[in-house]
Amino acid sequence: MRDVAVVGFAQSQSKRREVNLNDTEIVIPVIHELKKGKNLKNEDMDFVCSGSSDYLAGAPFAFVMGLDAVGAWPPVCESHVEMDGAWALYEAWAKIQMGYAEVALVYGFGKPSMGDLPLTMALQLDPYTQTPLWPDAISMAALQARICLEAGVLTDRDMAECASRDRRNAKDNPYAQVKGDFSIEQILADPYLVNPLRKHDCSPISDGASAVLLVAGDRAKDYCDRPAWIKGIEHICEPLDLNVRDLTRSRSTEIAAEKAGVGNAKVDVAELASPFSHQEVLLERALGLGADTNVNPSGGAMAGNPMMAVGLSRIGEAARRIWDGSAGRAVAHATSGPCLQQNLVCVLEGN
Amino acid sequence: MNPTEESLSAPHVLDYTYKRSLGPILSQFFTGLRDKKLLGVKRKDGSVLFPPKEYDPDTSESIDEMVPVQDVGAVKSWAWVAQPRKQQPLDKPFAYALIQLDGADTTLLHVVDGGSEAGMKTGMRVKARWADETIGSIKDIACFEPA
């Protein structure tokens, strides 16, 4: 395997509604910030890969417009995934492994505020047996949360602890959308949004974008004093239908974590892209995280959830803590599909 | 010149115009719904998947033995929708639910016309209410109601 490192990261402010910019205009300043900070020119990039969703933009091939943010000259070798940018990063990593690239720019972007996001998410379900019923994403998550609560695998206090921690941590994150001191008691006193989920159990709806720079081998040191080396990266998918999955655990995260080697050494920092608090509890267990891991120092997805960029941002946030020396080993997570159907796990190390 | 009178306009329908076959298993499932019959598929271990699949989700084996399931069953989980959106199946508050029908070993995602949130309970028995006209769609079951 070739050594590949995350050496650069930029992100936009997560906003509930970006009124003045379209989705391409959201990503332009992010990519410019990353390129300027790393003195990176287009001719330096061997590969460009993006993650976005035409379902958010409401038009086929809308992602092509995103390339305007990179620039059209000189011609770029590029690809796109209809997934979170974390999967675009996986493709770029694979491209580098195959020897086709050494320097790769990865970005993800989304403007879900253009539609009714919980309803748009119903389009990812089975088109024959499920989508015609338009089950919104919050109801789907509530079905899972109820199963977990009634099976006794977690409590609403466990969920509130995650929400409280994430929003407290987010106070130090200038890009976060939802932040503040909310005690567990305060959260548990809130009314239900969709029983058994309270508003604090849900990640926000966010417009936003992020970008990451990957570099192979010794050249990584040209861009970063202490590169965040990708020691393991894996993604695993479960069946789409909830009815053939064990919803009280995240089996795909467990398998991805094992293959990526999460448990091989202490994890200093973990950044989780969990859309709902009960799923964060399940993810922490699936990754085997204990009290010695600082979970979601940025606030995670619960503090800012730019669709199609939130997973990539977790990799960037984890890498940032390797660069500054506050972590020696970090784990980043991204998810896709209903109720944690598919999960990506990435292990980063400073040495 | 009034631009609103002079501008050309054309309808833009956002749609994928492909036609796809349902395949051998879902074809039987939806034809069954049209005839107000509920068909699952038996896995090699004898358990019944409902709705049916062409392949076993665990072993990837082809499975094709269709078996009937009942139109009554138990709610395994539910989420109350207090303010339905216009696309959603009922125009009054209802529950999305995972319902295990008698004769099936897996749950169906569908809706329950439960009256009120207080009327919903995990384990409650529900029965299918058929649509006035059945056409071979998951919405041939209008909803489930307390049995």
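What pattern does chain B follow, read along the sequence? I read it as α-α-β-β-β-β-β-β-β-β, with helices (H or I, at least four residues) and strands (E, at least two) taken as DSSP runs numbered from the N terminus.

**Entry 1: the model.** I note that this is a predicted model, in which local features need pLDDT of at least 70 and side-chain atom pairs count only at pLDDT 80 or more, while totals for chains, interfaces and linings use all residues. Residues are numbered from 1 along each chain as its sequence is written, and chains are lettered from A and ligands numbered from 1 in the order in which they are written.

**Entry 2: chain B.** I counted two helices and eight strands in chain B. Its radius of gyration is 20 Å, well over the 15 Å that the globule rule gives for 147 residues, so chain B is more spread out than a compact globule. The radius is taken over C-alpha atoms, and the rule is 2.2 Å times the number of residues to the power 0.38. I found the C-alpha trace of chain B to span about 75 × 40 × 30 Å along its principal axes. Of the 147 residues in chain B, 33% are buried (20 or more other C-beta atoms within 10 Å of the residue's own, with C-beta atoms placed from the backbone).

**Entry 3: chain A.** I recorded 11 helices and 12 strands in chain A. With a radius of gyration of 19 Å, close to the 20 Å that the globule rule gives for 351 residues, chain A is as compact as a globular protein of that length. Its C-alpha trace spans about 55 × 45 × 35 Å along the principal axes, and buried residues make up 58% of the 351.

**Entry 4: domains of chain A.** I looked up three domains: domain 1 (4-115 + 205-223), domain 2 (117-201) and domain 3 (228-349); the bounds come from an automatic or database domain assignment. In chain A, 30 residues of domain 2 are in contact with 22 residues of domain 3, a contact being two C-beta atoms, placed from the backbone, within 7 Å. On the domain 2 side, the elements of chain A giving two or more residues are α5 (137-151) and α6.

**Entry 5: helix α6 of chain A.** I then followed α6 (residues 156-169), whose 14 residues reach 20 Å from first C-alpha to last. Its buried residues include Met159(A), Cys162(A), Arg165(A) and Asn169(A). Among the elements that cover the buried residues of α6(A) are α7 (184-189) and α10 (277-286) of chain A.

Note on methods: Buried ≥ 20, exposed ≤ 12 C-beta atoms within 10 Å, placed from the backbone. Expected span 1.5 Å × (residues − 1).
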